[in-house]
Amino acid sequence: MTPATAQAASELDSVKTAVREFLARASPSSTVRALMDTERGYDDTVWRQMANELGLHGIAVPERWGGAGAGMPELAVVFEEMGAALLCSPFFATVALALQALLSSNDESAVEEFAPALLDGSRVATLVLNGTLDAWDPGAVTIAGSQSDTGYRLSGSAPLVLDGYTADLILVAANTVKGTSLFAVDAMAPGLEREPLRTLDRTRKVARLRFDNVSARLIGADGEAAAGLARTADLALVALAAEQLGAAQRCLDTAVAYAKERIQFGRAIGSFQAIKHRCADMLLLVEGARSAVFHASNAADDRDRALAASVAKVACSEALLHVALDSMRIHGGIGFTWEHDAHLYVRRAKSAELMFGDPNFHLERLAELVPS
């Protein structure tokens, strides 16, 4: 390891430790369970602390816009710890989706206008891509944009939007006569209806949005948003994979700890070969997922970004689902109860597996992306 590589690894470890210690205090299981049953779904005080005390919102934002100027590797570490803690927060929607869409739009006036309030935690934002939580596809955009003498108007329905009910700023991909475009909509704009939904993973809030001739501000050039949105979608895949990695590592850690302390037939169950083998298989899945996230986060700005993002999504989806289920099984009967946290990770595993394209979708995408 070169001195530069060692320094980079040390910096990532410092970020990881700081975020982990903060979340241990701010997002224990009791807090997660309390927040997931509220309509708002997050603690505003914690939200502002993450923005202002830890500077997490701007960690991967260039310094010229008020951020820390770091990159996707640092942001991936943050998402990994948030996934481990099942943090109830609109951080993913605001930072991985909305902020990245703004930065990828090449519209400096829009970044100047909207970024400061997102970085200091005074506003929450989200991004409507296809109107669902499926993989990005310009042909599946559900919102239509039209231009009149008074500006742009949006109409259509978005059935599934992350944090769509609590967001103050809603960025929307819409089709105009010129092609795929990006718009900003104020949450209080007339004609916008928002309905919170109850989903499998109650730690992540989702809403249905309806746009009825809603006034919108064009971001970037009309008809030229597809490339920036594709980049945003790939970076969001990496962030989601990092969350899955963190959750999988937490499931493995709790399963191993339980196997060491649970006594049956006068022995810790971790001494039984069947449990040893299962834990070893879980470790292999987690480490494979870790390698995929590491590569994807470092390739996030390269031409291989799309390829690496899909590999990470496949590896981390499979790892989290298998590890979460095996952790529940190792815990035995208690692991299947509502009072135990194992089911929260299983729910997160299944919902995250389907977000932005399931493993089968990304395997097909890889087949198309890999040169023949």
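Guide: Helix H8 passes helix H9 in a left-handed crossing, a crossing being left-handed if the near helix is turned anticlockwise from the far one by less than a right angle, and right-handed if clockwise. The model is predicted: local features need pLDDT of at least 70, side-chain atom pairs count only at pLDDT 80 or more, and totals for chains, interfaces and linings use all residues. Residues are numbered from 1 along each chain as its sequence is written, and side-chain values use heavy atoms, with hydrogens and water left out. Helices (H or I, at least four residues) and strands (E, at least two) are DSSP runs, numbered from the N terminus.

H8 covers residues 273-298 and H9 residues 305-330; their axes come within 8 Å and cross at roughly 155 degrees. Such axes are lines fitted to C-alpha atoms, for helices over the stretch in contact, and angles run from 0 to 180 degrees between N-to-C directions. The two helices are therefore roughly antiparallel to each other; angles over 145 degrees count as roughly antiparallel, under 35 as roughly parallel, 65 to 115 as roughly perpendicular and the rest as oblique. The residues of the contact of H8 with H9 comprise 18 nonpolar, three polar and three charged. Here Ala, Val, Leu, Ile, Met, Phe, Trp, Tyr, Cys and Pro count as nonpolar, Asp, Glu, Lys and Arg as charged, and the others, Gly among them, as polar.

Glutamate 353 belongs to helix H10 (residues 342-354). Its relative accessible area is 12%, so glutamate 353 is buried (under 20%; exposed is over 50%, partly exposed in between, with a 1.4 Å probe and protein chains only). Not counting residues up to four places away in sequence, glutamate 353 touches Gln244, Lys313, Ser317, Leu321, Asp358 and Pro359, where contact means heavy atoms within 4.5 Å. The side chains of glutamate 353 and lysine 350 are joined by a polar contact of 2.7 Å (a pair of N or O atoms within 3.5 Å; within protein, one must be able to donate a hydrogen and the other to accept it, and residues adjacent in sequence count only if both atoms are side-chain atoms).

H10 is also a packing partner of helix H2: the buried residues of H2 pack against H10 and helix H4 (72-85). Those buried residues of H2 (residues 29-36) are Val32, Arg33, Leu35 and Met36.

Phenylalanine 356 lies in the loop between H10 and helix H11 (359-369). Its phi is near 60 degrees, a positive value in a residue other than glycine, and phenylalanine 356 is buried, at a relative accessible area of 8%.
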